[in-house]
Amino acid sequence: MNLTVYCWSWFGTLLIPLMCLILRSQAGVVDDFSQVDRCKDFLYMGTPPRGYLSTSLKKICQRYVDNPRFVTLYDPKKHIPIYSAYTFKKSDGEKRVDIPWMFEPQLATEKGSSNMEPFPQASLMHKNFEDTQAVLEDYADVVQYERGQMNPDEHQADPLDKAATYTLTNVVPLIREFNFGPWSTQVEATRKRLNNYCHGKAYVITGVTTSGNMIRRDNLDRVAIPEFMWTAYCCTDYDHNAPYSERYKFPAFGAYGLNDRVNNHMVEVPIKNLEKFLKGKMEVDKNFQIFYSDCVSDV
């Protein structure tokens, strides 16, 4: 980004088109998170989870108001994110309620805007991109499900970062009892732990496993329903004087829970244990790894 700033200051308005080109190349649907500067910033050591076998998954650098906000690995067939990865910001845990739900134009067409955009008012317009992603109608008549955010609003502080979490490409259908019970409790517990004991940057990845169940609309399979939700964080600069009950959950820890009405408690586990659990639930190879080097700092 320094090059863009210096070009602007040296050459004035003559470089506006070049600046726009540089910014545009840094977001939207990309080939490799780790090769796009401001997208890899949301990943520990600039490295995404490895080991996913599917070749149809799309990498979205989630951009809102011309800035990348987090990244998502998206399944355009199941119409859900497989994971979202973000940097945690110390926050008060409040949610925004004034943001319209958005979609990702570049999933529908490469020529689309690289910024997420609000759904058009006319629902007929949604047919233009419902082949590649979920639309508002998919969640309209399923009262047992809530739109569960992978990168939760509560884990961001800046109003624009919070707003960016309201894209359906960051959302999966969660059973109401799970979403408002064990899952929201886990989101809050993680927020408090990282607020209080993480001194540096905290990287968080939240994902799903699926088992074939789908939300149907007009007799078509539309949106995959997660079987399990999982989440993990990595913070290598933490408070070594924290109470042991919290300290042993650093630098990295994870959790998973069943997306159901019953038996849906969250289980907190070390990263290696989480990876072992997920290998039995997802299409990944034996080298599946959530964080680079399991979040073990080289320093």
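1. Basis. The structure is a predicted model, in which local features need pLDDT of at least 70 and side-chain atom pairs count only at pLDDT 80 or more, while totals for chains, interfaces and linings use all residues. Residues are numbered from 1 along each chain as its sequence is written, and side-chain values use heavy atoms, with hydrogens and water left out.

2. Nonpolar cores. A nonpolar core is here a set of buried Ala, Val, Leu, Ile, Met, Phe, Trp, Tyr and Cys residues joined through side-chain atoms within 4.5 Å, where buried means under 20% relative accessible area, exposed over 50% and partly exposed in between, with a 1.4 Å probe and protein chains only. The largest such core has 51 residues, and Leu194, Met229 and Phe250 are those that touch the most other members. Apart from this core lies another, of 34 residues, which includes Leu43, Leu73, Val269 and Ile271. In soluble globular proteins, nonpolar side chains tend to be buried together.

3. Methionine 229. Contact means heavy atoms within 4.5 Å, and, when residues up to four places away in sequence are not counted, methionine 229 touches Met150, Val172, Leu174, Phe178, Trp183, Thr206, Gly207, Val208, Ala255, Tyr256 and Gly257.

4. Serine 84. Strand 5, residues 80–88, holds serine 84; strands are DSSP runs (E, at least two residues) and helices likewise (H or I, at least four), numbered from the N terminus. Serine 84 counts as buried because its relative accessibility is 0%. Its side chain makes a polar contact with the side chain of threonine 72, at 2.8 Å. Such a contact is a pair of N or O atoms within 3.5 Å; within protein, one must be able to donate a hydrogen and the other to accept it, and residues adjacent in sequence count only if both atoms are side-chain atoms. Leaving aside neighbours within four places in sequence, the residues in contact with serine 84 include Phe70, Met150, Asn170 and Val204.

5. Aromatic pairs. Rings of Phe, Tyr and Trp (its six-membered ring) pair if their centres lie within 6.5 Å, and planes under 30 degrees apart count as stacked, over 60 as edge-to-face and the rest as tilted. The count by this rule comes to 15 aromatic pairs. One of these is the edge-to-face pair of tyrosine 52 and phenylalanine 288, 5.7 Å centre to centre with 90° between the planes. This pair links distant parts of the chain, with tyrosine 52 in strand 2 (residues 50–52) and phenylalanine 288 in strand 14 (residues 284–289), 236 residues apart. Tyrosine 52 counts as buried at 19% relative accessibility, as does phenylalanine 288 at 3%. Tyr52, Tyr83 and Phe288 form one aromatic cluster.

6. A cavity is a set of points, on a 1 Å grid over the protein atoms alone, where a 1.4 Å probe fits but cannot get out, and its lining residues have an atom within 4 Å of a point. Among the residues that line the largest cavity are Tyr86, Met150, Trp183, Thr206 and Thr231. Helix 6 (176–197) gives the most to this lining, with 4 residues.

7. Threonine 209. Strand 10 is the place of threonine 209, which counts as buried at 1% relative accessibility.

Note on methods
1 Å grid on protein atoms, 1.4 Å probe; cavity = no way out; pocket = protein on both sides within 12 Å on 5 of 7 lines; lining within 4 Å.
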